[in-house]
Structures are given as structure tokens and as C-alpha cells.
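Subject: Handover of a two-chain model

Dear colleague,

I am passing the structure below on to you, together with an account of what was computed from it. Please look through the coordinates alongside the notes.

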Amino acid sequence: MNRIAVTSEGPSLDDQVDPRFGRAAGFVVVDLETMETQYIDNGQSQVMAQGAGIQAAELVARAGVSCLLTGSVGPKAFQALAAAGIKVGQNLEGLTVREAVARFKSGQVEIAQAANRAGR
Amino acid sequence: MIVAVASGKGGTGKTTVAASLATIWDGPVLGVDLDVEEPNLHLFLHPAIAGSEIAHMTVPTVDEAKCTYCGACSELCQFKAISVFNQVILTFPEMCHSCGGCMAICPEKAISPGQRELGEISWGRAGGVGFLAGRLRIGEAMSPPLMRRVKARLEQMLAAAGGDAIIDAPPGVSCPAVNAVMDSEVILLVTEPTPFGVYDFKLAWEAFTPLGKPMGAVINRAGLGNDAIYRFCQEKGLPILAEIPYDRAIAEAYSRGRIIADLSPGLKETFVTLRDKIRDLAKPSQPRAAAHA
């Protein structure tokens with residue numbers, strides 16, 4: 001079973017990729033073989049004064065995904081995702097979740113070596 | 001007596017007033033720079049620094065050999081300063097508020113106290129005026145922990161040598177500003193009669209009024225702007241303790257790091273009168289609260 005998480009503005013494959021990771025509305029977890037989805041709400045991270053990225057990383061780590069697709073990841077969240085063994089594909093804002101997953105499946109998403117956002 | 005010189009708006013003349021007040025004070029006095037994010041009182045008092053120390057706060061250090069990755073610390077921490085991911089535990093020392101909860105809750109006793117550097121505390125003398133200041137480490141996000149260390153040293157210095165203290169507070173109305181004024185006996189709010197000055201002055205008045213301390217206003221650059229600040233003070237019953245004129249000679253002296261009370265007999269008199277009015281305002285003296293922000 002190979003599952004990936006995509007930051008999303010809503011629960012379905014046709015929602016837009018949320019450009020933020022820590023303060024994303026939620027995560028659509030996609031099984032790459034069956035394309036079955038599961039939605040994880042990220043509301044509890046959105047309201048945090050600080051540490052949203054770290055908490056979001058805990059949430060996706062708990063979902064048991066191998067990779068995360070999103071717009072931007074900050075340095076602490078990147079460190080946390082790396083610790084959890086989750087690969088990160090960035091700069092996918094402007095696509096739907098379905099399009100982002102398709103791009104990942106076709107091997108066109110580069111795995112990031114570092115965060116693409118400055119810390120706060 | 002501890003006098004806190006505060007303001008809503010930055011750049012209204014807190015340091016100018018604090019430095020002049022300290023210089024004309026009768027009796028032992030300490031000038032204390034609690035604007036640790038951008039300390040500048042030393043630029044006016046020109047103190048000879050006698051000593052300094054690096055201040056730290058406690059943050060968690062994890063002994064991974066003992067950690068079972070149970071996640072109790074991670075679940076407890078409201079600031080995500082410690083986090084467990086499967087078989088990995090991470091600490092983010094810069095997020096830590098030093099509550100000690102992770103160390104207390106860890107069933108394996110795997111977490112011990114480490115340190116995060118907050119900044120530097122220095123002290124010395126400028127002629128007859130004692131000097132104490134904090135300087136936040138570049139990159140440190142929280143100033144109240146360092147401010148608390150500076151205030152603890154202030155308590156020690158006052159206990160040892162007696163006298164009064166004049167605190168140069170940070171601007172604004174958030175935690176650092178409240179932290180700087182909450183242990184004082186009198187709060188001076190320095191403002192200027194401009195729309196920005198008045199707007200931020202109102203915020204400061206609202207923020208500090210619940211502390212229940214005697215407060216007075218100092219109007220700097222008097223003659224500029226309009227009379228809204230005077231009307232507000234009258235409406236709230238807030239005494240205007242001094243007015244400093246809007247004057248090029250004052251700006252020039254300031255830009256050279258001079259004490260403006262030394263500029264003319266009239267200005268000296270302004271600050272001497274201010275000092276006496278602060279003393280009057282402080283009576284009847286209230287017991288100092290032991291609380292810390």
C-alpha cells in the first residue's frame with residue numbers, strides 16, 4: 001500500500017492544493033493504487049499561535065504516508081517531515097489534488113532537499 | 001521607587017525622558033534599559049560597563065537511549081517544542097516557553113534541562129547614575145524571559161544599594177511592554193500630539209490602566225499636531241506631568257547622544273518638576289506586586 005498526502009482546501013480530489021502546509025485546511029490522503037481517499041482536517045493546526053507546521057507533520061506522519069505534496073513547507077516542518085521519513089514535493093499550488101497526484105505518479109514531482117519557505 | 005517610562009508609539013521620546021530623568025534625579029538611581037530588542041539608553045548615559053552575563057532559559061534535552069517514543073511530552077507541549085514522529089523525537093528549542101512540563105511528564109525520565117541563550121545583561125555606572133540593561137540575542141523571538149532576568153538583577157541591585165530605578169520600556173502594548181511596566185510604582189506615558197501618537201497613546205492607556213498603577217503623561221514635541229491628546233488626558237483624568245517643546249535644538253542634542261536636560265536651565269527645570277510630580281503621583285505608595293508577566 002503506497003499512500004501519499006496532499007495539502008488541500010477541501011476533502012476531495014477535485015479541490016485545490018492548499019499552498020500552505022502547516023496552516024493547510026486539511027490533507028487528502030490518496031492510495032496510489034486504488035485512488036481511494038481519506039480526508040484529515042487540519043483545523044487544530046490552523047488555530048495554533050506557533051508550531052502549526054510541526055503539528056501538521058505529526059498528523060500526516062500518523063496517517064502513514066510516504067510522501068507529501070504541497071505548495072510551501074517551512075524549515076521546522078521540513079525537519080519534522082524528514083524525521084518522520086516523509087518525502088516532500090513542493091510548489092504544486094494552483095493544481096487540483098487530482099492533478100498533483102497525477103503529476104507525482106508520472107514522476108514529474110521533484111523531491112525537495114530543503115524547505116522552500118523562510119521560518120517564522 | 002521604580003518608574004517605568006513607556007509609550008504606545010515608538011520614537012516618542014521614552015529614552016530621551018528616561019535618560020534626562022536619571023541624570024537630574026536627586027539620590028541614588030538606576031537607569032534600566034528593558035527595551036531589550038533594541039536597547040539604546042547607553043547611547044545617552046554613556047555608562048562604563050562593570051560587568052555582564054549571558055542569560056539562559058531551560059529547554060528540553062532528550063536522552064534518546066531512554067526515550068520509548070511514547071509521545072507524552074509531545075502531546076503535552078502546547079508550543080510544539082518537542083515532537084515525536086514514529087521512532088524519532090525532535091526538539092525545537094526556539095519554540096520552548098520553558099514550562100518544564102515535558103520533563104515532569106516523561107515516564108522514562110529521559111528529558112533533562114538544557115539551555116537556550118536569551119541574551120546579555122550588562123551593568124555599570126554613568127557618573128552618579130547606575131546602569132543596567134538587557135540585550136536580546138539576535139534570532140531570539142521572545143523578550144519577556146530576558147526581561148525577567150534583568151528585573152531579577154534590578155531587584156538585587158536595589159536591595160543591595162537602595163535608591164530608585166527608571167525603566168526605559170519597549171514601545172507598544174504587547175507582552176514586552178506590559179512586562180516592563182508591571183513591577184513599577186509609577187508609569188509615565190510619553191507621547192507626541194500627532195494622530196499616530198494619540199492613537200497609540202490610547203492603546204497604551206487601555207493596556208496599562210488595569211494594572212492599577214498611578215500614570216501620568218509626558219507630551220514630547222509639544223506644539224506639533226493638534227490638541228486631541230490634551231482632550232483625551234482631560235477626559236480620562238490623566239495628569240500631564242511635563243511638556244517638552246518641539247525644538248530643533250533638542251533634536252540636534254538627541255542625535256548627538258546628549259542628555260536634553262543639560263541643554264538649557266529651562267529644560268532642566270522641566271525634568272526637575274517632572275521628577276517632583278512623579279514623587280507626588282507615587283504617594284500613597286503601593287506595595288510592589290510580586291507577580292511577573
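This is a predicted model: local features need pLDDT of at least 70, side-chain atom pairs count only at pLDDT 80 or more; totals for chains, interfaces and linings use all residues.

Residues are numbered from 1 along each chain as its sequence is written, while chains are lettered from A and ligands numbered from 1 in the order in which they are written.

Chain A

Chain A has 4 helices and 5 strands, where helices (H or I, at least four residues) and strands (E, at least two) are DSSP runs numbered from the N terminus. Along the sequence these elements of chain A come in the pattern β-β-β-α-α-β-α-β-α. The radius of gyration of chain A is 12 Å, close to the 14 Å that the globule rule gives for 120 residues, so chain A is as compact as a globular protein of that length; the radius is taken over C-alpha atoms, and the rule is 2.2 Å times the number of residues to the power 0.38. Along the principal axes, the C-alpha atoms of chain A fill a box of roughly 35 × 25 × 25 Å.

Of the 120 residues of chain A, 46% count as buried, a residue being buried if 20 or more other C-beta atoms lie within 10 Å of its own, exposed if 12 or fewer, and partly exposed in between, with C-beta atoms placed from the backbone. Among contacts in chain A between residues at least 6 apart in sequence, 52% join residues at least 24 apart; two residues are in contact if their C-beta atoms, placed from the backbone, lie within 7 Å.

The 5 strands of chain A form an open sheet in the order 3-2-1-4-5, with mixed pairing, and two strands are said to pair if DSSP finds at least two bridges between them. Its edge strands, each pairing on one side only, are strand 3 (37-41) and strand 5 (87-89) of chain A, and the twist averages 25° from one strand to the next. Strand 1 (residues 3-8) and strand 4 (residues 67-69) of chain A pair in the parallel sense over 3 bridges, and Val6(A) has Leu69(A) in strand 4 of chain A as its bridge partner. Helix 4 (residues 97-105) of chain A packs on the sheet, where it touches strand 1, strand 2 (26-31), strand 4 and strand 5 of chain A, and its direction makes about 140° with that of strand 1 of chain A; axes are lines fitted to C-alpha atoms, for helices over the stretch in contact, and angles run from 0 to 180 degrees between N-to-C directions.

The contact between the chains

The contact takes 12 residues from chain A and 9 residues from chain B. On the side of chain A that touches chain B, helix 2 (52-62) and helix 3 (75-83) of chain A each supply at least two residues, and helix 2 of chain A gives the most, with 5 residues. By class, that side of chain A has 6 nonpolar, 4 polar and 2 charged residues, where Ala, Val, Leu, Ile, Met, Phe, Trp, Tyr, Cys and Pro count as nonpolar, Asp, Glu, Lys and Arg as charged, and the others, Gly among them, as polar.

Chain B

An open sheet of 9 strands in chain B has the order 3-6-7-2-8-1-9-10-11, again with mixed pairing, and its edge strands are strand 3 and strand 11 (240-245) of chain B. Strand 9 (residues 186-191) and strand 10 (residues 215-222) of chain B pair in the parallel sense over 5 bridges, with Leu189(B) opposite Ala217(B) in strand 10 of chain B. Helix 7 (residues 195-208) of chain B lies across strand 1, strand 9 and strand 10 of chain B, at about 165° to strand 9 of chain B.

Helix 1 of chain B and helix 10 (residues 265-282) of chain B pack at an angle of about 80°, with their axes 9 Å apart, which makes helix 1 of chain B roughly perpendicular to helix 10 of chain B (65 to 115 degrees counts as roughly perpendicular).

With kind regards

Definitions and conventions. Angles under 35 degrees count as roughly parallel, over 145 as roughly antiparallel, 65 to 115 as roughly perpendicular and the rest as oblique.
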